[in-house]
Amino acid sequence: MVQGKPTLRTVAQIAGLAVTTVSRALADAPQIAPDTRARVQQIAREIGYSPDRAAQRLRTGRTNVIALVLNPHEEILGYGSSMIRGISEALRGSPYHLVVMPNFADAPEAETVEKIIRNRLADGVLISRTRPDDLRIRLMLERGFPFVSHGRTELATPHPWVDYDNRAFARAATARLAAAGARSPALIAAPPEFTFAHHLRLGFLRGCEEAGLSGQILDTVTLDSPAEQIYAHIRALLRDPSAPDGFICAGEVSALAVNAACIDSGRPARVVMKTTSQVAQFLRPRFDTIHEDLAEAGRLMAGLLLRAIAGEPAEALTHLQPAAPFTGDPQ
């Protein structure tokens with residue numbers, strides 16, 4: 001039984017090795033034999049040893065922290081929990097710890113990132129909901145600070161990113177509605193300031209052109225609108241005889257609000273939605289859905305960030321998640 005908090009010297013005494021050897025073994029130094037590294041790491045786990053992060057930071061300049069900057073929003077169910085699960089899986093076994101920091105809508109866009117860089121609170125940053133000309137990304141590029149974004153930009157300088165192919169999703173969803181008989185679909189788009197809103201619009205317009213549909217992009221409500229506002233707007237829209245006969249929703253909350261408005265108005269319409277949780281499988285009648293794997297996005301982002309911290313060029317650190325096949329039954 002180890003008395004008190006285990007230290008590097010405690011591990012060295014149990015292993016019968018020099019403190020410097022143990023330190024290198026715990027850092028996975030290639031100069032240390034694999035068997036020795038494995039034995040030292042096993043001892044450290046068994047006695048509950050963890051490095052003194054403050055001392056480590058003074059010695060190396062590293063925090064061994066990855067910061068996930070989240071923009072709180074209700075539209076994507078389980079966004080934060082799914083991302084955190086994927087990131088944590090990717091960081092497991094590495095020296096890095098994950099911290100989550102909010103970036104509130106009423107605060108300056110780059111405030112949280114600026115604080116992280118200024119106070120050296122992390123070795124790398126993960127951000128989401130990118131804009132075409134994203135101030136946060138501009139700042140980190142200028143400072144040479146490692147990061148990966150969930151979403152792309154239109155900046156000329158390459159940067160690491162992971163993104164979902166929203167253009168392909170919207171195009172496929174439009175074709176799906178056309179095959180089910182819809183002739184005048186509508187897209188509930190994302191707020192126009194975000195890059196993925198542009199991708200959704202392009203995919204929807206291309207899908208309408210290919211299928212010969214007269215589609216419309218709603219501009220009174222967006223994915224970020226409160227559910228009750230979406231519901232009220234769709235109910236009002238459905239009073240018009242020429243109302244849309246199909247809806248594409250890139251999020252579950254908006255899809256549920258639209259579907260409720262259609263049913264309550266007595267004007268059933270087909271609803272295609274992108275899912276990020278398991279809620280759709282328990283809805284009846286079944287929605288026509290396509291799944292975006294946010295946990296996988298988190299794993300990819302964390303993996304790319306570790307490579308960015310190691311100095312790999314940004315051009316090699318991008319990944320576009322393809323739109324998966326549809327599941328469920330069209331309404």
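**Reading the labels in this model**

Modeller: Asparagine 64 sits in the loop that joins α4 (53–60) to β1 (65–70). Those element names come from DSSP runs, numbered from the N terminus: helices are H or I with at least four residues, strands are E with at least two.

Colleague: On what terms do you read the model?

Modeller: This is a predicted model, where local features need pLDDT of at least 70 and side-chain atom pairs pLDDT 80 or more, while totals for chains, interfaces and linings use all residues. Residues are numbered from 1 along each chain as its sequence is written, and side-chain values use heavy atoms, with hydrogens and water left out.

Colleague: What makes the phi of asparagine 64 worth a remark?

Modeller: Its phi is positive, about 55°, although asparagine 64 is not a glycine. Most residues other than glycine have a negative phi.

Colleague: Why is asparagine 64 called buried?

Modeller: Its relative accessible area is 10%. Buried means under 20%, exposed over 50%, and partly exposed in between (1.4 Å probe, protein chains only). The value is under the cut-off, so asparagine 64 is buried.

Colleague: What is the overall picture of the chain?

Modeller: The protein chain has twelve helices and eleven strands. Its C-alpha atoms fill a box of roughly 80 × 40 × 35 Å along the principal axes. Buried residues make up 47% of its 331 residues.

Colleague: What share of the contacts comes from residues 24 or more positions apart?

Modeller: 64%, among contacts with a separation of 6 or more. Contact means heavy atoms within 4.5 Å.

Colleague: How do α1 and α3 pack?

Modeller: Helix α1 (residues 8–15) and helix α3 (residues 34–47) pack at about 120°, axes 10 Å apart. That makes α1 oblique to α3. The classes are roughly parallel under 35 degrees, roughly antiparallel over 145, roughly perpendicular from 65 to 115, and oblique for the rest. Axes are lines fitted to C-alpha atoms, for helices over the stretch in contact; angles run from 0 to 180 degrees between N-to-C directions.

Colleague: Which residues make that contact?

Modeller: Thr10, Val11, Ile14 and Ala15 of α1, with Arg39, Val40, Ile43, Ala44 and Ile47 of α3. By class that gives seven nonpolar, one polar and one charged. Nonpolar covers Ala, Val, Leu, Ile, Met, Phe, Trp, Tyr, Cys and Pro; charged covers Asp, Glu, Lys and Arg; the others, Gly among them, are polar.

Colleague: Why are α2 and α3 called roughly perpendicular?

Modeller: Helix α2 (residues 19–26) and α3 pack at about 90°, with axes 9 Å apart. That angle falls in the perpendicular range, so the label holds. Val22, Ala25 and Leu26 of α2 meet Arg37, Val40, Gln41 and Ala44 of α3. These are five nonpolar, one polar and one charged.

Colleague: What makes the pair of phenylalanine 194 and phenylalanine 196 stacked?

Modeller: The structure holds one aromatic pair. Its rings are 6.4 Å apart centre to centre, with 25° between the planes. Rings of Phe, Tyr and Trp (its six-membered ring) pair if their centres lie within 6.5 Å; planes under 30 degrees apart are stacked, over 60 edge-to-face, the rest tilted. Both values pass, so the two phenylalanines form a stacked pair.

Colleague: What about leucine 187?

Modeller: Leucine 187 is also buried, at 0%. Strand β6 (residues 185–188) holds leucine 187. Its contacts, not counting residues up to four places away, include Leu200, Phe204, Leu218 and Ile248.
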